[in-house]
Structure formats: structure tokens, C-alpha cells
Amino acid sequence: MVRAASVETLALGWPDGRTRAELIRCARTDLDSRVRLAALSACLLNWPDSETRGLVLIALRRDPADDVRKASAEALVRLWPDEQSRDALTDAIQDPDWVVRQALVEGLMTWPDDRTRPVLEYRARADPDEDVRAAALTALARGWPDDRTRALLSAQASADLHQVGRTAALDVLLRTWPDATADTRALITARATDLAEDARGTALNTLARRWPDDDTWVLLRDRATSDPDPSVRVAAVRLLTGGWSGEYTRSVVTDRARLDPEETVRVAAVESLADFWPDEHTQALLAERATTDPDGDVRVAAVTALAGTLPDDRTRELLVRHGMLDDQWYVRAATERLLLQHWPDERTRTLLIDRGLVDADEDVRGTAYEAVTRGWPDERAGQLLAERATRDQDAQVRNAALDTLTFGWPDQRTRELLTAAAKTDESDDVRASAAAALVDRWPDETTRALVGEQAAADPDPGVRRAALEQLAHGWPDEHTRAVLTDLVASDPDGAVRGSALAALAVNWPSDTTCALLRARAAIDTSEDARQTAIRALARAWPDGPARELFTDRAVEDPHEAVREAALARLIQLWPDEQTRDLLTDQVTADPHVDVRESSAAGLFWIAPNALRRGWLTELATSSPLGDLRKLSLQILVWVWRDADTLSLVARRAVQDDSETVREAALDVLTWARPDDRATFTALATDDPAEDIRERAIEVLAKAWLDDTTLTLLADRAVSDPHEQIRTRALELLASVRPDDSTRAIIEDRMTDDPEESVRKRALEILALLWPDERGRAQLLCCVTADAHQDVRREAMQAIALGRLDEPARHVFAERATADPGSEVRTFAQSALAWFRRDDASRALLVDRLTEDAHQDVRKSAANFLGWLWQDDRTRTILESLAATDPHEDVRREALEGLTRGWPDERTRTLLMDRAATDPDDQVRHIASALATRWPAAERQ
């Protein structure tokens with residue numbers, strides 16, 4: 001960043017020919033992309049002429065950094081919007097980076113004609129990145145809002161493999177044609193059952209905004225009650241209350257507030273009820289949720305809604321009797337804030353002081369005293385802070401109390417508390433903060449003595465380091481110098497010694513300090529201290545003895561970071577033949593890769609051009625070290641980007657035995673020689689590394705989407721040995737050629753691929769692109785026949801989101817009892833409970849509670865039974881489970897369900913029994929906490 005800033009300063013201060021030549025050199029050859037970008041930007045600002053344009057064209061084609069290529073594309077459109085620039089953008093549209101391609105797509109809209117349109121249509125359908133496809137769709141709708149574009153948008157809204165692409169297509173379609181037809185509504189309604197939850201949520205939002213009618217209400221109600229993803233149910237609840245305020249809506253939202261198994265949905269429902277129906281019925285429900293809901297977030301939402309919409313005496317009593325005594329610390333903390341906000345009187349103050357003194361949680365105590373000091377900044381508050389600063393068991397609370405005292409009560413009592421804390425507090429942070437506060441407020445000799453003692457004797461090196469820095473900054477005299485010199489010799493921590501050396505070099509730049517730095521650079525046992533000494537010497541004493549010392553450290557120091565620091569100073573201060581010889585040796589002799597790379601980079605800057613290229617070419621082909629071959633290739637490309645260099649890169653991409661070298665060569669070829677089809681094809685089929693094969697097939701799909709590439713993709717989808725490549729090939733095929741031949745390949749992989757991840761992705765693509773009866777039948781076949789439970793579960797989800805009809809129901813019911821995977825059985829019974837909610841589904845849950853051997857299945861069954869069927873029969877079943885189920889998770893779920901549905905004395909009796917007799921300590925703890933959640937007077 002420093003050199004980039006220097007480039008900008010040079011261009012602003014001296015915009016002449018000499019500066020321009022230097023900027024052009026930096027823009028073409030500097031190894032740092034930030035410097036190249038700064039130089040290119042400076043040229044564009046100061047000299048927007050044909051020479052700079054040539055520089056920009058070269059950067060767009062050849063620069064390895066995506067931000068430089070993106071800036072080049074934008075500059076061509078902004079400064080030279082002609083046919084030459086258009087050709088350059090069109091030629092660069094295969095750029096390997098999606099950010100650059102997106103900029104190119106947007107730039108091509110400068111020329112909205114029949115030549116640009118096919119390029120954008122191809123990007124909209126087949127670009128491998130969903131954001132680029134979305135940008136292309138937006139550009140097409142802006143430039144050609146006709147039936148052809150509308151058809152493409154409709155197709156992508158259903159067929160794009162990524163939810164971002166599908167959602168963007170819908171959004172552009174509606175923005176371009178706001179008087180949307182029934183066909184568009186049907187398209188959006190279909191997305192309300194999309195496999196991706198984000199797409200479902202977006203579709204619901206669009207329907208509620210565009211078509212707020214009875215059909216949309218029914219769909220929102222169904223999603224609010226039956227969508228498997230809680231975020232979609234949350235969106236549906238909020239959309240319902242925002243558009244329909246009748247009693248039917250209120251009934252649905254009340255049902256979600258009480259019965260939804262996900263706390264985020266219950267929170268949304270509680271907040272919506274308070275916002276739209278703030279009456280006595282809502283107050284009663286909020287009070288119920290505030291006292292009986294098993295989740296603390298819901299209880300916080302309930303007390304917040306009560307205090308915000310109905311701040312009466314009943315609400316206050318509930319906060320005092322429940323919120324302040326809640327078993328979750330964050331509920332208690334929220335209640336404190338609400339009491340202070342709505343009832344800032346003496347009773348609240350007394351309660352907060354009590355919490356600040358006795359609460360078991362440090363966050364609650366901190367919130368309490370913060371509220372007290374903000375609401376009543378008087379002596380009583382100061383006493384509370386003083387008590388917390390010395391007696392609180394949590395260091396953060398003590399520290400916060402001391403900070404507040406320092407700014408609010410800067411008196412002798414506070415100074416004494418800070419002094420005691422700086423000397424004796426058990427926390428390193430508290431001691432350091434207390435000393436810093438003393439230096440800031442009372443910078444006298446007493447404080448100086450305390451800080452000096454801390455710098456010399458504190459047990460923590462971080463505290464000693466902070467203290468010595470405060471000494472050097474606040475009292476830069478001979479006494480402090482002596483203290484720092486002593487620390488350099490005696491402190492056991494290298495970082496402390498290094499800080500002392502740095503402070504001496506800045507404040508006392510004398511011969512004595514120079515001699516001390518030279519000695520510590522050679523003999524200090526800490527690499528941090530040796531590096532600090534080398535940097536200080538290079539800055540203040542760059543002389544002959546320093547060079548000798550740096551040369552010695554660059555070779556002999558035992559730590560690579562010190563050797564690298566010494567080499568960097570030699571390159572910076574003495575870029576001559578002696579340093580070049582040293583770097584030449586270290587390129588191969590140093591045992592650490594970082595030092596070897598630094599040596600190679602340094603040698604590049606020092607050596608003459610001819611020597612550089614020959615030497616780098618030899619390293620790129622013959623060095624036994626892969627990291628050096630990679631670095632040499634990169635430097636060659638940065639400086640000599642000609643046919644010979646690119647041919648060398650292509651050979652290394654195929655022949656090098658190091659994956660990192662081949663990958664670096666592939667990086668270069670994708671932007672510098674994207675027309676080398678033979679090399680990319682060889683890498684896609686023969687490279688042993690799956691990441692390289694994947695990237696190669698992506699380049700081929702972007703650059704040459706013809707029969708040869710499609711055949712290669714089909715072959716890779718079936719025969720590549722790695723599942724990652726087969727999956728990516730399937731996705732590319734489906735994106736660019738969603739026809740019968742691709743469907744046949746996807747169907748084959750869905751059933752016959754040996755890896756479950758490929759089969760799972762294949763069925764996702766099939767469900768998205770071909771949601772017909774044949775596809776549905778194949779999904780049902782996967783539910784029963786696939787060997788892996790993740791695939792069976794994914795197939796079930798695709799079916800359930802579409803339509804859970806009678807044939808599917810029978811399959812789900814069979815899987816709920818007979819599937820060998822517990823996750824599949826759990827999903828099957830959950831889907832039936834969510835989507836059907838009839839007696840057969842309930843009977844299945846009851847059967848699983850007693851017959852299933854896996855605790856997760858039984859726990860899920862208990863959860864759904866307790867949420868969806870709150871009657872006496874369910875209560876009896878849950879009571880039996882709470883006492884007799886062999887697994888603690890199931891017993892705990894049963895207890896929580898009973899507390900939610902039946903918060904009365906009978907439930908409390910069972911809770912107390914479990915708290916005393918359950919064999920699991922966690923269940924006993926939960927039972928005890930649940931039993932004390934509501935007072936006896938309210939258990940009626």
C-alpha cells in the first residue's frame with residue numbers, strides 16, 4: 001500500500017514526461033497488483049490519450065489481477081466508447097474471473113445492437129457464475145424489452161441451476177413488465193415451492209406485493225404452517241400480517257406463536273401480534289409466551305412486545321416476577337433494559353442495584369450497573385461501581401466499572417481503586433487498563449513510579465510491554481532510558497525486549513543505542529527482538545557495520561523471519577553486485593521457502609534484464625523446488641508476456657510434477673492465452689489433480705461451447721474418477737444444454753453414480769429442470785432404492801415441496817417405519833406431520849414414539865406431537881415419555897413439550913419428580929429450571 005500511495009503522490013505532484021514513463025513501467029511490470037492499478041489509474045487521470053489507451057488494452061488482455069482488468073474494461077467504456085473498445089470487451093468476455101465478466105457485460109450495453117445481443121444472451125444462459133447471468137438478464141431487459149427477452153427470462157426463472165439466477169430472472173421480469181400476466185403469476189407461484197428456501201421466500205414476497213388476494217393468502221397460510229424451512233415460515237407470517245389484518249390471519253399467527261417448533265417463527269409471530277393486534281387477548285398470549293415458552297429468544301420478544309405496546313402495571317409485574325428471575329441471562333438483561341426504559345423510578349433502581357450485586361451472570365451484572373449509572377449518575381451509583389470494581393468475579397465487569405468511574409467520578413477514591421487494580425488485580429487486562437487510566441488522568445511522579453514498577457515486575461509480558469511504552473511516551477528522560485536499557489538485558493520475554501529496543505531507537509538515537517541494537521540483533525534469543533533491532537538499524541544507522549551485520553544475519557540467523565528481514569534491508573539499501581551474489585546463493589541454499597522466494601524476487605529487481613530472463617527460465621524448468629518454479633513462471637509472465645514465455649507456461653501446465661506449479665500455469669493461461677484449447681483439453685482429461693481438471697472444463701465450457709466440448713462434458717460427467725468433476729460437468733451440461741440427451745445423463749447419474757454427492761446433485765437438477773410425472777416417479781424411486789440416506793432424504797424433500805399426494809404419502813409412511821436411516825425416518829414422519837396433519841400422521845408419530853429404536857426419531861416425534869396436537873391424549877403420552885423413555889434427549893423433549901402446552905400444577909409436580917429422580921444430570925437441571933419458571937399463584 002505504501003508504494004501504491006507513492007505512485008499516486010508522484011502523479012499528483014509531478015505530472016510530467018518522466019513521471020509518465022515511470023508510471024507506464026509500473027503499470028506493466030510491477031509485481032504488486034495494487035501498484036499496477038494505481039499507476040494505470042494515474043495515467044488515465046493525467047494522460048487519457050492513445051498511448052494510455054494502448055496500456056489499458058494490454059492490461060485488459062494480460063494483467064493477472066482481476067481488479068486491474070476490471071478497471072481497464074470500465075476505463076475503455078468511459079473514455080473511448082468506440083468500435084475498438086467494443087471489440088476489446090467482446091474478445092475479453094471469456095475472462096476467468098466473474099467480477100471482470102460482469103463488468104464486461106455491463107460495459108457492452110454501451111452498444112445495444114444486434115451484435116451485442118447474442119453475446120449477452122449466451123452469458124445469460126451459460127455463464128458459469130450466477131451473478132454474471134443475472135447481470136446479463138438485466139442488460140437484456142434494459143436493451144431489448146421484447147417477447148424474445150421475456151421468454152428467456154421466463155425460462156431462466158425456472159431452469160437456472162442457482163437460486164440467485166432464478167430469483168434475478170423473476171425480479172427482472174417483473175420490473176420490466178409490471179403489468180404481469182397470469183403466466184407470470186403461475187411462474188412465481190411455482191417458485192413458492194422451489195427447492196431453495198431463499199427462492200421460496202422471494203416468490204412469496206413478490207406474490208404478496210403484486211397480488212394481495214385470497215389465493216395469495218391461502219398460499220402464505222400454507223407456507224406459514226407447513227414450509228420445512230423456518231426462514232420461509234417467518235417470511236410468510238410477516239407477509240400475512242402486513243397485508244391481511246383480519247381474524248383468520250390473526251388465528252394463523254396465534255397458532256404459529258404457540259405451536260411452531262422453531263423459535264424464530266414464534267418470535268416473528270409474537271412481534272406481529274403485538275404490532276397489529278395490541279389488545280387484551282394479545283397481552284394474555286404474550287404473557288403466556290413470556291413465562292412458558294422454552295426458548296429464551298421468544299421470551300425476550302414477548303417481554304419486549306409487552307413493554308413496548310402495553311406498558312401497564314400488569315406488564316411491569318410480569319417483568320419483575322418473571323423476566324428478572326428468568327433462568328437465561330439474556331432474558332434477565334433484556335428485562336433490566338426494559339424496566340429502565342419504561343419505568344425509570346426508585347423501585348426499578350432498587351431492583352437493578354440488587355441484580356448488579358447478586359446476579360450470577362457477569363453480563364447481567366454489567367447491564368444492571370450500566371443502567372443504574374446512566375439513569376442515576378449520583379453517589380449511590382458511584383458506590384455500586386466501586387463495589388463492582390473490586391469485588392466482581394468477572395474481569396470484564398471490573399474493567400468496565402473502572403472505566404466508568406474514571407470518566408464519571410475522577411476523584412481520589414477512583415485513583416485509589418485504579419492504583420490497587422494496577423498492582424494486584426488478577427486479570428492482565430485490568431492491570432494494564434488501570435495503569436493506562438492513571439497515566440491519562442494523573443500523569444505525575446506517583447503514577448510514573450507505579451508504571452515503572454509494572455514495566456519491571458508485572459508477571460504478564462503484555463502488561464510490562466504496555467507499561468514501558470507508556471513510560472517512553474510520557475517521561476522520555478534519562479531515568480526512563482536506564483529502565484528500558486535494563487529491560488533489554490533482563491526481561492525474559494522477547495516481545496518486551498523488542499519493544500524496549502524500538503523505544504530506545506526512537507527516543508534516544510545515540511551511538512550507545514546503535515551499539516546496543518547491533519548487539520541484540522546478533523545475540524538476542526528472541527527472533528522478534530532481533531527483527532526489531534535490524535529494522536531500527538536500517539532506519540537510523542544504514543552504514544557499513546550494519547551491512548556486515550545484515551549479511552551475517554541473512555545467512556546465519558536460525559529463524560527464517562530474521563533472515564528474510566535482513567535480506568529485505570540489504571535489497572532496499574544496497575542493491576548492488578554483492579547483494580546480488582548473496583541472493584543468488586540464498587535462492588537455492590536457504591532451507592525455508594519464504595526466504596527462497598524473497599531471494600528470487602529480490603534478485604529479479606537487482607539483476608540486469610538479460611540475466612534475469614535467462615536465469616528465471618532456467619529456474620522455471622530445472623529447479624528442484626516447486627515453489628521456485630512457480631514464482632519464476634509468474635515473474636516471467638509479469639515482465640515478458642510474449643509467445644516464448646506463454647509456450648513455456650503451457651508446457652509447465654501439462655508437464656510439471658507439482659500441482660501448485662500446474663495450477664499457477666493454468667491461472668496464467670486462462671487470462672493470457674485463453675485460445676490454447678489443446679492445453680485446456682489435456683488438463684481437463686489427464687491432469688491428476690481434480691481442482692485443475694474442474695477449472696479446465698469450466699474454461700472449455702466458457703470459450704468453446706460446441707459439440708466437441710459438450711461431448712467432453714458428457715464424458716467427464718460419467719467417467720471422471722472424482723465426484724467433484726462429475727458433479728461440475730453435470731451442472732455445466734444442464735446449464736448450457738438442458739435437452740433430452742442431458743436429461744438421460746442426469747437420470748443415469750442419479751441412479752448409477754457410485755458417489756452419493758453426485759446422485760444428490762443429479763436429483764436436485766432433475767427436480768428443478770424436469771418437474772414432470774416422469775421426474776416425480778424417478779424421485780420416488782430414489783426414496784426407496786438409493787443406498788445413501790442423504791440422497792433418499794433429498795429426494796423426499798423435493799417431492800414434499802412439490803406435492804405430497806397419496807402415492808407419495810404411502811411411500812413416506814413406509815420410509816418412516818422401514819428405512820434403515822434414522823434421518824430419513826425422521827424426515828418422513830416430519831413431512832407427513834407438516835403437510836398432512838391428519839389422524840394417520842398422528843398415529844404414525846405415536847407408533848414411532850414407542851417402536852423406533854433411535855432417539856432422534858423418537859425426539860422428533862415427541863416434538864411434533866407436542867406442537868401440533870395439544871390435547872389430553874398427547875399429554876398422557878408425553879408424561880409417559882418423560883418418565884420412562886430410555887434416552888435423556890427424549891425425556892427432555894417431553895418435559896419441554898409439557899411445559900409449553902400445560903403449564904399447570906400437574907406438570908410442575910412431574911417436573912419436580914424428574915428434577916429429583918431422573919438418572920441424567922442434564923435432565924434434572926432442565927426439569928428444575930422449568931419447574932421454577934412460573935410462580936405458584938399463576939399455576940392455576
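Student: Which residues touch the most other members in the largest nonpolar core?
Tutor: This is a predicted model. In it, Leu 484, Phe 550 and Phe 812 touch the most other members of that core, which has 127 residues.

Student: And which helix gives the most to this core?
Tutor: Helix H47, residues 756-769, with eight residues.

Student: What does Phe 550 touch, not counting residues up to four places away in sequence?
Tutor: Ile 534, Leu 537 and Ala 538 on one side of the numbering, then Ala 566, Arg 569, Leu 570, Leu 573 and Trp 574.

Student: What is in the second, separate core?
Tutor: That core has 101 residues, including Ala 75, Val 105, Ala 169 and Leu 220.

Student: Switching to rings. How many aromatic pairs does a search of the whole structure find?
Tutor: Four. One of the aromatic pairs is Phe 680 with Trp 704, which is tilted, at 6.4 Å centre to centre and 45° between the planes.

Student: Where do Phe 680 and Trp 704 sit in the chain?
Tutor: Phe 680 is in helix H42 (residues 677-686), while Trp 704 is in the loop between helix H43 (690-703) and helix H44 (707-719). They are 24 residues apart, and the pair links distant parts of the chain.

Student: Is Trp 704 buried or exposed?
Tutor: Buried, because its relative accessible area is 18% and the cut-off is under 20%. Phe 680 is buried too, at 0%.

Student: Last one: where is Arg 726 found?
Tutor: In helix H45, residues 723-736. Arg 726 counts as buried, at 3% relative accessibility. Leaving aside neighbours within four places in sequence, its contacts include Asp 720, Asp 753 and Glu 755.

Note on methods: Residues are numbered from 1 along each chain as its sequence is written. This is a predicted model: local features need pLDDT of at least 70, side-chain atom pairs count only at pLDDT 80 or more; totals for chains, interfaces and linings use all residues. Side-chain values use heavy atoms; hydrogens and water are left out. Helices (H or I, at least four residues) and strands (E, at least two) are DSSP runs, numbered from the N terminus. Buried means under 20% relative accessible area, exposed over 50%, partly exposed in between (1.4 Å probe, protein chains only). Contact means heavy atoms within 4.5 Å. A nonpolar core is a set of buried Ala, Val, Leu, Ile, Met, Phe, Trp, Tyr and Cys residues joined through side-chain atoms within 4.5 Å. Rings of Phe, Tyr and Trp (its six-membered ring) pair if their centres lie within 6.5 Å; planes under 30 degrees apart count as stacked, over 60 as edge-to-face and the rest as tilted.
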